Amino acid sequence: MKFQGSQNYVATQDLMLAVNAAITLKRPLLVKGEPGTGKTMLAEEVAQALDLPLLQWHIKSTTKAQQGLYEYDAVSRLRDSQLADVDGGERVKDIQNYIVKGVLWQAFTADQPVALLIDEIDKADIEFPNDLLREIDRMEFYCYETRELVRAKHRPLVFITSNNEKELPDAFLRRCFFHYIRFPDAETMKQIVDVHFPNLKKELLTAAMKTFYDVRNLPGLKKKPSTSELLDWLKLLVAEDIPLEALQSADTKVSVPPLVGALLKNEQDVTLFEKLVFMNQRNR
């Protein structure tokens, strides 16, 4: 298996090298980067390009590592035991009927190689990565309820994403191949936009890109607009048929772009930007 990019995802050379290095080393690929830079989409596109089924595990603050392995539904078994007259209690006798298989169990027992996405691992408790060390390293775990060792038939291609909300343990990092998705430069960004808006007028794209990077480079922003926000903004510009003149200023002074709410997502950044516009207008 070798990833060489796809029609729907603009992958830089270093990103393709990272994916293929993880495949060669048979280690999870830990992908970090700003929110909205395509970390989750990378797993989806690699799986599609390599013709692998994709299993996704989206992590929340309440997620426990055990849920990725399996859960024992003792409540359902108790309820069924109280209704044993229905089928003579045959269902209750088999504990397998009350084991809910998690995504890791599904990935390990799949009849063909699969891709596995563990999305936003840094959202969970700090012990979450440590609780998965053995399973990710040895590709096996033990189910105590059924006294069964679940071992991977095929080593899945594992993608792990992080937004850097929490530091990950060194022991966990040692087991991964790491790649940081840098924010795209203007040329790469144009390629990304062209994938989503192939018929966008060149003049509109140039003006929108200048405005976007002007906003992004504003010092003091709490949350800089990302790739996904640029794409949302362009979608709105096209849908609302915003004229090119609305994005172009008669001089080099900064001005509030139309539909700025697609780019700036909190009141502090909007206020900061409006103050900058006001100061520039006073200096004219």
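Helices (H or I, at least four residues) and strands (E, at least two) are taken here as DSSP runs and numbered from the N terminus, and a pocket is, on a 1 Å grid over the protein atoms alone, an open set of points with protein on both sides within 12 Å along at least five of seven lines, whereas a cavity is a set of points where a 1.4 Å probe fits but cannot get out; lining residues have an atom within 4 Å of a point. The structure is a predicted model, in which local features need pLDDT of at least 70 and side-chain atom pairs count only at pLDDT 80 or more, while totals for chains, interfaces and linings use all residues. Residues are numbered from 1 along each chain as its sequence is written, and side-chain values use heavy atoms, with hydrogens and water left out.

Helix 10 gives the largest share of the lining of the largest pocket, four residues, and at least two residues each come from helix 1 (13-25), helix 2 (39-49), strand 9, helix 10 and helix 12 (227-239). If Ala, Val, Leu, Ile, Met, Phe, Trp, Tyr, Cys and Pro count as nonpolar, Asp, Glu, Lys and Arg as charged, and the others, Gly among them, as polar, then the lining of the largest pocket divides into 13 nonpolar, 13 polar and six charged residues.

The residues that line the largest cavity are Ile121, Asp122, Ala124, Asp125, Ile126, Pro129, Lys166, Glu167 and Leu168; by class, five of the lining residues are nonpolar, none is polar and four are charged.

The packed interior can be followed through its nonpolar core, meaning a set of buried Ala, Val, Leu, Ile, Met, Phe, Trp, Tyr and Cys residues joined through side-chain atoms within 4.5 Å, where buried stands for under 20% relative accessible area, exposed for over 50% and partly exposed for the range in between (1.4 Å probe, protein chains only). The largest nonpolar core has 32 residues, and Trp57, Phe108, Phe128, Ile160 and Phe172 have the most contacts inside it. Helix 3 (65-69), helix 6 (103-109), strand 5 (115-119), helix 8 (133-138), strand 6 and strand 8 (157-162) each supply at least two residues of this core, the largest share, five residues, coming from helix 6. Leu117 is found in strand 5 and counts as buried because its relative accessibility is 0%; its C-alpha atom is separated by 17 Å from that of Ala21, 96 residues apart along the chain.

Rings of Phe, Tyr and Trp (its six-membered ring) pair if their centres lie within 6.5 Å, with planes under 30 degrees apart counted as stacked, over 60 as edge-to-face and the rest as tilted. By this rule there are nine aromatic pairs. Tyr70 and Phe141 form a stacked pair because their ring centres are 6.3 Å apart and their planes lie at 20°. This pair links distant parts of the chain, with Tyr70 in strand 3 (residues 70-72) and Phe141 in strand 6 (residues 140-143), 71 residues apart. Tyr70 is buried at 4% relative accessibility, and Phe141 is buried at 3%.

Met139, although not a glycine, has a positive phi of about 55°; Met139 lies in the loop between helix 8 and strand 6 and is buried, with a relative accessible area of 6%. Asn164 likewise has a positive phi, near 65°, in a residue other than glycine, and its place is in the loop between strand 8 and helix 9 (170-174), where Asn164 counts as partly exposed at 41% relative accessibility.
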